[in-house]
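Try each task before you read its solution.

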Amino acid sequence: MDKIQIIEKLFSYLLFYSYLLLPLFFIFSKSKRNSLVICLAVYGIVFFFFLNFFYDIPRSFRKFQQFLYTVLEYSLFAYVFFINLKSKKLRYLIISLSLLFFAFLTVYFFTSHLGKVDSVPVGVETIFVFIFAFVYFQQYFKHNQSYIYGNPNFWIVVGILLYLGSTFFFNILINHINQQQADQYWHLTYIPEIIKNILFSMAILFYSSYHKENQDTKKTIPYLDLDIN
Amino acid sequence: MFFLQATNSSGISTVLFIGTIGMLVLTVGLVLFIIFHQRKVSRYQRTLQKMEEEQQKILLNASIKLQEEERQRLAADLHDDAGPLLATARLYLNENLVNQDKATQLQSIFQARQIIDDTIQLIRNISHSLMPPTLKNFGLESAVNDLFQKISGSGTMNASSRFHEYKDRLKPEKELIIFRIVQELVNNILKHSSSSFIHLTQNIHGDKFYLRIHHDGRGLIQADFDKLNKSNVGLGLKNISSRLRVVQGNIFFEKDISQTYYKVTIELPRDEPYQ
């Protein structure tokens with residue numbers, strides 16, 4: 001095994017085990033009842049096993065695996081934005097686009113041929129998630145004045161953006177390049193994915209202190225209305 | 001798609017590399033932009049908050065200073081006027097009074113009574129300056145009319161006031177605050193404007209209560225008022241601001257379009273009629 005292959009193998013292991021950081025941090029988290037924290041922990045466990053046994057499952061299921069991977073990943077990302085947006089209209093927008101996306105995925109599943117990656121759905125997923133992210137930032141600045149980097153949701157969104165942004169071109173073009181080139185780039189996409197998992201894990205930890213701070217702030221605001229009666 | 005069709009495998013590789021780097025730069029740039037932009041906005045908000053606090057501090061100091069001046073005036077009135085009067089009355093009613101003849105006794109008692117009456121009047125005047133009885137008993141309209149009649153009666157200036165819609169009285173606390181503001185404004189006009197007339201009108205428009213004072217002397221415009229309010233001078237104006245803050249009102253200083261008169265408009269939210 002040459003040096004490059006060892007490094008590639010190392011990256012693979014790093015990526016697989018980085019998913020375990022999520023349930024691990026969940027154990028130490030004080031916000032175990034938070035639905036997003038639970039979802040992130042479950043996402044970590046599911047994807048750890050999914051990636052570990054990806055190539056152990058017969059190739060005839062590969063197309064379904066790709067389909068499932070995209071569905072699960074998109075569902076989590078859409079859920080992150082769904083619970084962070086308070087406007088009913090925007091929530092409806094997320095639901096509508098998601099239903100549209102799932103319908104498209106199903107049609108694509110039955111009509112397309114197996115490729116290295118399901119490029120088109122991943123491309124559409126990235127575009128949708130980027131739209132949600134812009135809406136999230138716009139809404140955040142509209143309703144909040146606190147520092148955004150003190151908010152754990154911000155780091156989750158940054159993780160998603162970094163991961164999808166960095167792998168966007170790779171996912172779109174992978175079916176147009178030969179296997180040798182694909183292998184060359186494939187391992188590079190692990191870096192943003194690992195960063196994403198680290199950011200998600202940090203967000204799980206931040207959640208505890210963030211909720212505590214928010215509760216404390218609510219308690220310490222005195223009644224300031226001036227009574228002149 | 002055209003781009004993909006037009007490029008060969010190595011070209012795609014370049015597109016992939018440049019595209020990935022571009023997306024990465026874009027994403028990182030976006031995140032950094034958001035963070036720096038928010039820091040800038042927060043810094044600006046902190047500066048605004050600091051300025052607001054400074055302003056509050058100036059107003060509070062002005063209010064305390066005014067209170068102290070009022071106390072000093074009261075103390076001086078009581079010490080310099082009521083004190084000597086009562087001491088004189090005591091002199092007339094000293095122990096030797098019983099040893100004196102009846103005529104002298106009667107004269108002394110009469111004198112003492114006269115002095116005590118003066119003292120009562122003096123204390124009443126002090127008390128009225130604290131809370132005008134007309135305002136308490138008959139309301140803002142009567143108190144303001146009374147004030148303007150007194151000014152007009154002095155012959156130095158033509159003063160008139162007219163309340164168009166004041167069937168329902170405001171709450172007594174609010175009336176007192178507005179009366180004090182009017183007093184301060186009138187006092188300023190008398191002291192600084194050299195105007196020949198002063199006219200006050202009251203009106204209601206929508207859910208707002210308005211009082212407007214016109215005069216033809218030297219006056220202030222809003223910019224002057226804001227400037228004086230932020231400076232260390234203009235104690236009376238700061239006091240007006242702090243009183244208005246209590247009743248959630250606004251004040252506007254303008255020059256009439258004809259450039260002949262100055263207008264001072266007090267705007268207050270109209271509240272439930274006071275029974």
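**Exercise 1: A sheet in chain B**

F209(B) stands opposite L268(B), a residue of β5(B). This is a predicted model, in which local features need pLDDT of at least 70 and side-chain atom pairs count only at pLDDT 80 or more, while totals for chains, interfaces and linings use all residues. Residues are numbered from 1 along each chain as its sequence is written, and chains are lettered from A and ligands numbered from 1 in the order in which they are written.

Solution. Step one: strands are DSSP runs of E of at least two residues, and helices are runs of H or I of at least four, numbered from the N terminus. Two strands pair if DSSP finds at least two bridges between them. Step three: the open sheet has five strands in the order β1-β2-β3-β5-β4 (chain B), and its pairing is mixed. Step four: β1 (158-163) and β4 (250-255) of chain B are at the edges with a single partner strand each, so one side of each has no neighbour in the sheet.

**Exercise 2: Where the chains meet**

Task: work out which helix of chain B gives the most to the side that touches chain A.

Solution. Step one: 20 residues of chain B are in contact with 21 residues of chain A (C-beta atoms, placed from the backbone, within 7 Å). Step two: helix α2 (residues 9-92) of chain B gives the most to this side, with 17 residues.

Terms used:
Two residues are in contact if their C-beta atoms, placed from the backbone, lie within 7 Å.
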